[in-house]
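Visitor: Could we go through this model piece by piece, with some quick questions from me?

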Amino acid sequence: KWPAKKTVSFINHHKELGHRASQVVADHNPYTQQMIEVYERYEALCSNSGLVDFTELLLRAYEMLQNDETLRSHYQQRFRHILVDEFQDTNALQYAWLKLLSADGSFLMAVGDDDQSIYSWRGAKVENMFAFSQDFQGAHTSRLEQNYRSTSNILNAANEVIHFNSNRMGK
């Protein structure tokens, strides 16, 4: 009734959104309410045992940066140049990190290809690419449209498949 894989997915999904169990809304859904209770127990067990999982590391670091202006300022000054590769594979929490770390005067470069976004099952949000120029005013977009790694047959086949995607930036 409560498969471990679905439970882990539920917890990770909400952590990747930056939500603690207490911040998840059940909306009178018994399944969601049960998952919230499991998430709460999981948080307590990990806390009491001194354990963290990968998404917990990301979430704790985000919360520290968000809540501690001195710490945030320190890292904003320390990391004046930020490069994000495979930007299409960032999740909501990683994108929120970028917003916190990039201060006025910092240089942020994000490299990615919306047509290569294949990790949505792992929390990746290709929408981050669409929001980038709006969230980072003055951002310059450079399109790298020449492919040197694939033959024309492979590129033609790939382009035939992806041109049906309705939500793409285009080349």
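Visitor: Is aspartate 27 buried or exposed?
Guide: Aspartate 27 counts as exposed because its relative accessibility is 63%, where exposed means over 50% relative accessible area, buried under 20% and partly exposed in between, with a 1.4 Å probe and protein chains only. Bear in mind that this is a predicted model, in which local features need pLDDT of at least 70 and side-chain atom pairs pLDDT 80 or more, while totals for chains, interfaces and linings use all residues. Residues are numbered from 1 along each chain as its sequence is written, and side-chain values use heavy atoms, without hydrogens or water.

Visitor: And where does aspartate 27 lie?
Guide: Aspartate 27 is in the loop between H1 and helix H2 (30-49); helices here are DSSP runs of H or I with at least four residues, strands are E runs with at least two, and both are numbered from the N terminus. In its backbone, aspartate 27 has a positive phi of about 50°, although it is not a glycine. As background, most residues other than glycine have a negative phi.

Visitor: What about glutamate 86, what is its phi?
Guide: Glutamate 86, which is not a glycine either, has a positive phi of about 55°. Its place is the loop between strand E1 (81-84) and helix H5 (92-101), and with a relative accessible area of 38% glutamate 86 is partly exposed.

Visitor: Let's step back. How many helices and strands are there?
Guide: The protein has seven helices and two strands, and from the N terminus on they run α-α-α-α-β-α-β-α-α. Along the principal axes, the C-alpha atoms fill a box of roughly 55 × 45 × 25 Å, and of the 171 residues 31% count as buried.

Visitor: Now electrostatics: how many salt bridges?
Guide: The count comes to seven, taking a salt bridge as a side-chain nitrogen of Lys or Arg within 4 Å of a carboxyl oxygen of Asp or Glu.

Visitor: Which partner does lysine 15 have?
Guide: Lysine 15 pairs with glutamate 56, and their closest N and O atoms are 3.1 Å apart. This pair links distant parts of the chain, with lysine 15 in helix H1 and glutamate 56 in helix H3, 41 residues apart. Lysine 15 is buried at a relative accessible area of 1%, and glutamate 56 also counts as buried, at 7%.

Visitor: Which side chain does glutamate 56 meet at 2.9 Å?
Guide: That would be arginine 20, whose side chain meets that of glutamate 56 in a salt bridge of 2.9 Å, N to O. Because glutamate 56 lies in helix H3 and arginine 20 in the loop between H1 and H2, the pair ties together parts that are 36 residues apart in sequence. Arginine 20 is itself buried, with a relative accessible area of 16%.

Visitor: How far is arginine 20 from glutamate 63?
Guide: Those two form a salt bridge as well, with the closest N and O atoms 2.8 Å apart. Here the loop between H1 and H2 is linked to helix H3 across 43 residues, and glutamate 63 counts as partly exposed at 22% relative accessibility. Through shared partners, salt bridges join Lys15, Arg20, Glu43, Asp53, Glu56, Arg60 and Glu63 into one network.

Visitor: New topic: how much space lies in the largest pocket?
Guide: About 1,600 Å³, with the volume being the space filled by probe spheres set on grid points joined across faces, edges and corners. A pocket, on a 1 Å grid over the protein atoms alone, is an open set of points where a 1.4 Å probe fits, with protein on both sides within 12 Å along at least five of seven lines, and lining residues have an atom within 4 Å of a point.

Visitor: Which residues lie nearest its centre?
Guide: Of the 45 residues lining the largest pocket, Val111, Gly112, Asp113, Ser142 and Leu144 are nearest its centre. Strand E2 (107-110), helix H6 (127-135) and helix H7 (152-162) each give two or more residues to this lining, and the largest share, five residues, comes from H7.

Visitor: And the second largest pocket, how much space is there?
Guide: About 250 Å³ lies in the second largest pocket, which is lined by 13 residues, the closest to its centre being Glu16, Ser120, Trp121, Arg122 and Gly123. Helix H1 (residues 4-16) gives the largest share of that lining, four residues.
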